[in-house]
Amino acid sequence: MTLQGKNALVTGAANGIGRAIAERFLADGANVVVLDIEHDDPTAVAAEAGVSPDRVDVVAGDVSRRDDVQAAVSRVVERFGSLDLLASNAGIGDADPFLEISDESWHRIIAVNLTGAFYCIQEAAKVMAIQGKGAIVVTTSTNGFYVEKNLAAYNASKGGVDALIRSAALDLAWHGIRVNGVAPSMVKTRAAFITADPEGSTEYLKRVPMGRFADPPEIAAAVAFLVSDQSSYVTGQTIVLDGGLTLGIDMPMPAAPLPHSARDARVGDKSG
């Protein structure tokens, strides 16, 4: 895949999945502007990616504020001449029992995860529509359809993002803009604290058929595919990257083989 000559905005790219996406875009030839609430040094980003500093710029800002998103979009155009790619990745979450979720926590999570994604898509699309082309990928989550306990606000925000991806794809297709998503489950990042907890990791991985967590570059690879010309006829779709987590649950097996009649009763008669 090549993104040579493309100019990209990546949000939430100070670390984790977002940083991996920025580095992958740079490795594939794109120029990149990074937007994150954590200020970063463009020289450091370039050095980590092994590219020239003149291919990287950084904007400090919050995706839940439209003015910050507009500033980042403008920076890409001013610095590199166009905005061809958007990776809307910024996201947050709190773990609280349902009855203990505060108004502040709820509104902040929705503001960053859902409203922030809307601002990023809309502001980027305003530029892309004039150009007549563009590719957008939003980081959603398996939590949008496979909810986890004590994460109601996060779950709800990602369910909304899933619908937003499809809605934007439908409305923007005639402008030549493709909108897709990636839905990881647990990824080894700073935010996914359970991946650094030996006991918690062991228990969680019992649910994952592949038996391991994802690494950020694996998510970045899917994003790179979705913004590349190799996916030129793909829009409104979300790639699930979960190691098989959401495929189903294991059925407990008996210690001794069941007789055929018992197996038929347990599995159900499908001959119907």
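This is a predicted model: local features need pLDDT of at least 70, side-chain atom pairs count only at pLDDT 80 or more; totals for chains, interfaces and linings use all residues.
Student: Which residue other than glycine has a positive phi, near 65 degrees?
Tutor: Most residues other than glycine have a negative phi. The residue in question sits in the loop between β5 (134-139) and α5. The one with phi near 65 degrees is N150.

Student: Is N150 buried, partly exposed or exposed?
Tutor: Buried means under 20% relative accessible area and exposed over 50%, with partly exposed in between (1.4 Å probe, protein chains only). The relative accessible area of N150 is 32%, so the class is partly exposed.

Student: How far does α3 reach from its first C-alpha to its last?
Tutor: α3 has 15 residues. The expected span is 1.5 Å times one less than the number of residues. That expectation is 21 Å, and the reach is close to it, at 21 Å.

Student: Where do the buried residues of α3 lie around the axis?
Tutor: The buried residues of α3 are D68, V69, A72, V73, V76 and F80. They cover an arc of only 140 degrees, taken over the directions from the helix axis to the C-beta atoms. An α-helix has 3.6 residues a turn, so residues three or four places apart point the same way.

Student: Which strands and helix do the buried residues of α3 pack against?
Tutor: Contact means heavy atoms within 4.5 Å. On that criterion the partners are β1 (7-11), β2 (31-36), β3 (56-60) and α4.

Student: Which exposed residues does the face of α3 turned away from its buried side carry?
Tutor: One of them lies 56 residues along the chain from E123, with C-alpha atoms separated by 9.9 Å; that one is D67. D67 is exposed because its relative accessible area is 59%. The exposed residues on that face are D67 and E78.

Student: At what angle do α3 and α4 pack?
Tutor: Two packed helices are described by the angle between their axes and the distance between the axes. Axes are lines fitted to C-alpha atoms, for helices over the stretch in contact, and angles run from 0 to 180 degrees between N-to-C directions. For α3 (residues 66-80) and α4 (residues 103-131), the axes are 9 Å apart. The angle is about 35 degrees.

Student: Is the crossing of α3 and α4 left-handed or right-handed?
Tutor: A crossing is left-handed if the near helix is turned anticlockwise from the far one by less than a right angle, and right-handed if clockwise. The crossing of α3 and α4 is right-handed.

Student: How do the residues of the contact of α3 with α4 divide?
Tutor: R66, V69, Q70, V73 and V77 in α3 meet F118, Y119, C120, Q122, E123, A124, K126 and V127 in α4. Ala, Val, Leu, Ile, Met, Phe, Trp, Tyr, Cys and Pro count as nonpolar, Asp, Glu, Lys and Arg as charged, and the others, Gly among them, as polar. The contact divides into eight nonpolar, two polar and three charged.

Student: Which residues is A125 in contact with, leaving aside its neighbours within four places in sequence?
Tutor: A125 lies in α4. At 6% relative accessibility, A125 counts as buried. The contacts are L172 and I177.

Student: What is the relative accessible area of S157?
Tutor: S157 lies in α5 (residues 152-172). S157 touches I109, I110, N113 and L114, not counting residues up to four places away in sequence. S157 is buried, with a relative accessible area of 0%.

Conventions. Residues are numbered from 1 along each chain as its sequence is written. Side-chain values use heavy atoms; hydrogens and water are left out. Helices (H or I, at least four residues) and strands (E, at least two) are DSSP runs, numbered from the N terminus.
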